[in-house]
Amino acid sequence: MTNRNSTSADKGISLWQNARLATLDPSRDGLGIIEGGAIAVKEGRIVFVGPESELPSNLIAEAETIDCEGRWITPGLIDCHTHLVFGGNRAMEFEMRLNGASYEEIAKAGGGIVSSVRDTRTRSEDELVAEALPRLDTLLAEGVSTIEIKSGYGLDIDTELKMLRVARRLETLRPVRVLTSYLAAHATPAEYKGRNADYIADVVLPGMERAHHERLVDAVDGFCEGIAFSVEEMRVVFDKAKALGLPIKLHAEQLSNLHGAELAASYGALSADHLEYLDEAGAKALATSGTVAVLLPGAFYALRETKLPPMRALRDAGADIALATDCNPGTSPLTSLLLTMNMGATLFRMTVDECLTATTRNAAKALGILAETGTLEVGKSADLAIWNIERPAELVYRIGFNPLHARIFKGRTI
């Protein structure tokens with residue numbers, strides 16, 4: 001990719017020419033493809049996107065021009081569900097499972113979420129930052145521009161807030177947009193075993209207030225499942241989030257159908273995530289409310305699940321579908337959104353268009369930031385990924401291969 005007219009860079013307009021664009025613009029068909037396209041950016045915002053033949057002459061005259069040499073440009077990818085901040089890892093229990101150990105045996109050996117909670121509680125903020133950065137860098141190297149990061153491995157107020165502070169710090173250390181989710185309602189810690197209501201009252205709700213007061217939280221999440229929290233318990237959490245003006249998300253229908261997705265939809269949630277056991281009524285509820293269905297094939301793969309998400313029901317209902325890595329130490333130690341797309345296609349039989357939409361436009365909607373990013377449209381942040389590919393299907397088809405040529409974040413080439 002070559003530059004010309006570079007002396008005009010100080011005029012504030014950058015122009016990427018001779019490109020093939022997958023704009024994901026919903027007003028266009030499919031991926032919104034434009035052959036022979038161009039994108040002009042000023043002060044980090046897209047000011048033109050379309051065929052080169054329609055470029056205004058003043059943009060051509062004023063801009064620093066970058067010849068893309070026929071490469072493809074998509075919106076920067078978005079990982080809309082991660083647990084990126086945590087201490088330690090759970091490779092030991094992975095090995096134990098391979099050697100035939102049961103869940104109970106692993107738990108007795110100190111494994112499971114208890115180990116992640118212990119390791120996260122004992123780490124300082126600086127240590128958690130140092131452990132999270134390599135995971136983040138791996139995602140960014142594949143064209144990711146935006147990432148959601150949850151708390152949920154503290155299960156006490158101080159550690160939950162520590163995790164959120166670390167997530168905020170990552171945004172200051174790397175050119176990336178970070179959205180945070182408060183997930184204290186992830187599990188009940190050992191000290192509150194059998195006392196979910198007390199844990200919610202003592203930790204989840206006051207911790208949420210503090211996180212909101214300290215501007216550490218962008219959304220509130222929870223885990224609605226038999227091994228976690230009931231619909232009634234999650235309703236208490238959501239009522240508090242609503243009172244604070246915070247959007248909500250929910251882990252739902254991963255292991256059984258408690259109708260958590262319908263609960264989330266009734267609150268106008270941004271997303272409901274996992275959804276393997278979602279039924280037709282749940283799919284319709286998501287579509288009606290505009291709540292995005294976030295599918296997590298990494299966890300499906302790692303847990304060797306056999307119950308597939310109800311793709312037909314979601315499609316028939318017209319629900320928006322997103323994909324994410326679910327990067328976490330126990331059930332999805334995955335830091336590749338490209339591989340996630342391949343898993344979505346291979347395991348869930350999603351199409352190429354569905355997978356690319358799921359990691360751009362719909363992922364942005366799942367985070368409540370579609371007005372800012374997720375498509376290549378005038379007025380949006382100039383978050384671009386430039387690829388050495390012949391067709392968009394390569395981004396979904398290849399396994400273990402990264403064709404990223406350049407990443408542009410807010411108009412700046414990284």
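Predicted model: local features only at pLDDT ≥ 70, side-chain atom pairs only at ≥ 80, totals over all residues.
Visitor: What else describes how H6 and H7 pack?

Guide: Two packed helices are described by the angle between their axes and the distance between the axes. For H6 and H7, the axes are 9 Å apart. H6 passes H7 in a right-handed crossing.

Visitor: Which residues of H6 and H7 meet?

Guide: From H6 come Ile157, Asp158, Leu161 and Leu164. From H7 come Asp202, Val203, Pro206, Gly207, Arg210 and Ala211. In this contact, six residues are nonpolar, one is polar and three are charged.

Visitor: Why is asparagine 257 called partly exposed?

Guide: Its relative accessibility is 27%. Buried means under 20%, and exposed means over 50%. The value for asparagine 257 lies in between, so the residue counts as partly exposed.

Visitor: Where is asparagine 257 found?

Guide: Asparagine 257 sits in the loop between strand E11 (249–252) and helix H9 (260–266). Leaving out residues up to four places away in sequence, asparagine 257 touches Tyr277 and Asp279.

Visitor: What makes the pairing of asparagine 257 with aspartate 279 a polar contact?

Guide: The cut-off is 3.5 Å between N or O atoms, one able to donate a hydrogen and the other to accept it. The two side chains make their contact at 3.0 Å, within that limit. The side chain of asparagine 257 also reaches the backbone nitrogen of histidine 259, at 3.0 Å.

Visitor: Is glutamate 62 buried, partly exposed or exposed, and how do you know?

Guide: Glutamate 62 has a relative accessible area of 32%. That falls between the 20% and 50% limits, so glutamate 62 is partly exposed. Glutamate 62 lies in helix H1 (residues 57–62).

Visitor: Which residues of helix H4 are buried?

Guide: In H4 (residues 113–122), Ser115, Ser116, Val117, Asp119 and Thr120 are buried. The label needs a relative accessible area under 20%.

Visitor: What do the buried residues of H4 pack against?

Guide: They pack against helix H2 (91–98), helix H5 (125–140) and H6.

Methods:
Residues numbered from 1 in each chain as written. Heavy atoms only, no water. Helix = DSSP H or I, 4+ residues; strand = E, 2+ residues; numbered from the N terminus. Buried < 20%, exposed > 50% of the residue type's maximum accessible area, 1.4 Å probe, protein only. Contact = heavy atoms within 4.5 Å. Axes fitted to C-alpha atoms, helices over the stretch in contact; angles between N-to-C directions. Left-handed = near helix turned anticlockwise from the far one by under 90°. Nonpolar A, V, L, I, M, F, W, Y, C, P; charged D, E, K, R; others polar.
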